[in-house]
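Have the viewer open and follow along.

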Amino acid sequence: MAAAPGVARSRFVVVGGGIAGVTCAEKLAMEFPSEDIFLMTASPVIKAITNFKQVSKTLEEFDVEEQPSSLLEKRYPNIKVIQSGVKQLKSDDHKIFTEDGKEYIYEKLCLCAGAKPKLIFEGNPYVLGIRDTDSAQAFQKNLAQAERIVVVGNGGIALELVYEIQGCEVIWAIKDKAIGNTFFDAGAAEFLIPKLTAEKQETPIECKRTKYTMEGSEEKERSLAASDKLGSALGPDWHEGLHLKGTKEFCHKVHIEILCEVKKIHLQQEFIQLQRTSLTFPKEEKNVEPDEVLWPVYVELTNGKIYGCNFIVSATGVVPNVKPFLDGNNMRLWTQARQMGWYAAKCMAADTFGESIDMDFSFELFAHVTKFFNYKVVVLGKYNAQGLGLDHELMLRCTKGQEYVKVVMQNGRMMGAVLIGETDLEETFENLILNQMDLSAYGEDLLNPDIDIEDYFD
């Protein structure tokens, strides 16, 4: 039956112009070349994968570019990009209403709607979230006039941020005992810490993961608190092409406050009325002294300390853009990137054909490659002994300033690994985790730097 006037109908609708949504739409376009695939996005550009390389069975490397949606439609003529945000979803009726007043009817729907920063305080003009290209450019603009900032959070954005910033004091507040708690243990954190005190910025290593460029989009002025704008995630190389420098001439100047969170944020006038004392930037082997400088904003931490700064970066994670989809609907959301988008399309196609589908091999093992502090970082499997209880052991190899290798063993079998630096062990360790070979006979030689472990298991 034809759709009513002003109503468009498609067998498949995908919401979201990020990696997951674009990958899903591309896969569906290949599976159903005679069907129109609707891709809805609030942004004028989409995220496109280029230079894709399958490093190993589960590890992937690729570049990501921001491209006009017209290029996607040119590559896949049956993909129709609808540039509008979603206003409402009626899942029982299989209908989507967009912000430009149009209505779409679908048979199958994939939601890859992205997320926005989870700000520690909403509506504060001195709190900035970094999520997409526009918010990263707003951060660069404000950093250029800053002498000190406070970074709150311990995830990937925070890790890269504190390393990349030059010429600006950074107070880094984390709720954990060590930096990078999401990705690695305290030992790996100690391996990375010296990079934060290095006087000279190193030449960045090449890391083909995600690289973002702006094509055909105008630079927009944004307020510090423009966190309600939608956009696709930046990824680990978000800072490339940005000039992240403050007003000072030094390189790194980072102080870490552990086991604390932000208790309250005070504007300058409010802080003066409170008659409280803020602290100067801590120096090694010296008592922290009261700060005589007046700052635009002050951060009070749960450990009782107060620091003044030019602005605060909230890098405490994201929340899904699910508001238009929740009212009156009972749903599960695909929220991952390329593999999830690809697998979502595979499931939609299988259901359309009435076929069964097995779990894809890419979900057999958690595998991620990124870059922190100019080191290549690979995490595999249960890299922090997740779910293993006390019944496991760790094996370590560390060369200061060069590499850090940790493997998680249980009953003689490798369960996970953390590789920092150019170790060339990722494919070998991936295979050992997947095939669960008994490695008891190798003992500590498994990480002996004088033995080429790859030769054992080729």
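## Phe12 and Phe32

Phe12 and Phe32 are both buried, where buried means under 20% relative accessible area, exposed over 50% and partly exposed in between, using a 1.4 Å probe and protein chains only. Their rings make a tilted pair, 4.7 Å centre to centre with 40° between the planes. For pairing, the ring centres of Phe, Tyr or Trp (its six-membered ring) must lie within 6.5 Å; planes under 30 degrees apart are stacked, over 60 edge-to-face, and the rest tilted. Phe12 sits in strand S1 (residues 7–15) and Phe32 in the loop between helix H1 (19–31) and strand S2 (37–41), so the pair ties together parts 20 residues apart in sequence. Helices (H or I, at least four residues) and strands (E, at least two) are DSSP runs numbered from the N terminus.

This is a predicted model: local features need pLDDT of at least 70 and side-chain atom pairs 80 or more, while totals for chains, interfaces and linings use all residues. Numbering starts from 1 along each chain as its sequence is written, and side-chain values use heavy atoms, leaving out hydrogens and water.

Phe38 and Tyr104 have ring centres 5.8 Å apart and planes at 85°, so they're edge-to-face. Phe38 is buried at 9% relative accessible area, and Tyr104 is buried at 7%.

Elsewhere, Phe191, Tyr375 and Tyr404 form one aromatic cluster. The charged end of Lys195 sits over the Tyr375 ring, 3.8 Å from its centre (cut-offs: NZ of Lys or CZ of Arg within 6 Å of the ring centre and within 35 degrees of the ring normal).

## Helix H9

In H9 (residues 426–435), the buried residues include Phe429, Leu432 and Ile433. Just after H9, Gln436 has a positive phi of about 55°.
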